[in-house]
Amino acid sequence: MHGPHRNNEEIYFKEREQELIQATREQLTAQATAAERASHRGKCPRCGDSLTPEQFHGIQVDRCPTCHGIWLDADEIDAVVAHEDHSLLTRVFDDVVAAMRLRRRS
């Protein structure tokens, strides 16, 4: 096949190949992003150690046994704020600190 039909065919396949390459790149990027996010799930944002969930007054906090950071998810913070007893946050953190002190002594 020669002439303008061959050129049109070559252009079509070249464009199609570029589209497939771009789609594959986007898919690989999305997979890499998902894997990266999954690797951080349940890990301390500060030091990377595994977080330990603990309950205090019905509120779950995630505590890091290494750097002793305390982390609350958005829904956990909302639960504290929505609670009618505004001293709940103080009690939760007082109990967390007391628990940390006991663990250090052990």
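Start by selecting His 68, which is partly exposed at a relative accessible area of 26% (buried is under 20%, exposed over 50%, partly exposed in between, with a 1.4 Å probe and protein chains only). This is a predicted model, where local features need pLDDT of at least 70 and side-chain atom pairs count only at pLDDT 80 or more, while totals for chains, interfaces and linings use all residues. Numbering runs from 1 along each chain as its sequence is written, and side-chain values use heavy atoms, with hydrogens and water left out.

Stay on His 68 and check its backbone: phi is positive, about 65 degrees, although this residue is not a glycine. His 68 belongs to the loop between strand 2 and strand 3 (70–71). Strands here are DSSP runs of E, at least two residues, and helices are runs of H or I, at least four residues, both numbered from the N terminus.

What order do its strands have? The sheet is open, with three strands in the order 1-2-3 and antiparallel pairing (two strands pair if DSSP finds at least two bridges between them). Strands 1 and 3 are the edges, each pairing on one side only.

Zoom in on strand 1 (residues 52–56) and strand 2 (residues 59–63), which run antiparallel and share five bridges. Pick Pro 53 and you'll find its bridge partner, Asp 62, in strand 2. At Phe 56, the residue standing opposite in strand 2 is Ile 59. The hairpin has two residues between these strands, and His 57 takes a positive phi there, near 55 degrees.

Now for the core. Select Phe 56, Ile 59, Val 61, Val 92, Val 96, Ala 99 and Met 100: these seven residues are the largest nonpolar core, meaning a set of buried Ala, Val, Leu, Ile, Met, Phe, Trp, Tyr and Cys residues joined through side-chain atoms within 4.5 Å. Strand 2 and helix 3 (88–105) are the elements that give two or more residues to this core, and helix 3 gives the most, with four.

Last stop: the structure's one aromatic pair. Tyr 12 and Phe 13 sit edge-to-face, 5.1 Å centre to centre with 75 degrees between the planes. Rings of Phe, Tyr and Trp (its six-membered ring) pair if their centres lie within 6.5 Å; planes under 30 degrees apart are stacked, over 60 edge-to-face, and the rest tilted. Phe 13 is partly exposed, with a relative accessible area of 48%.
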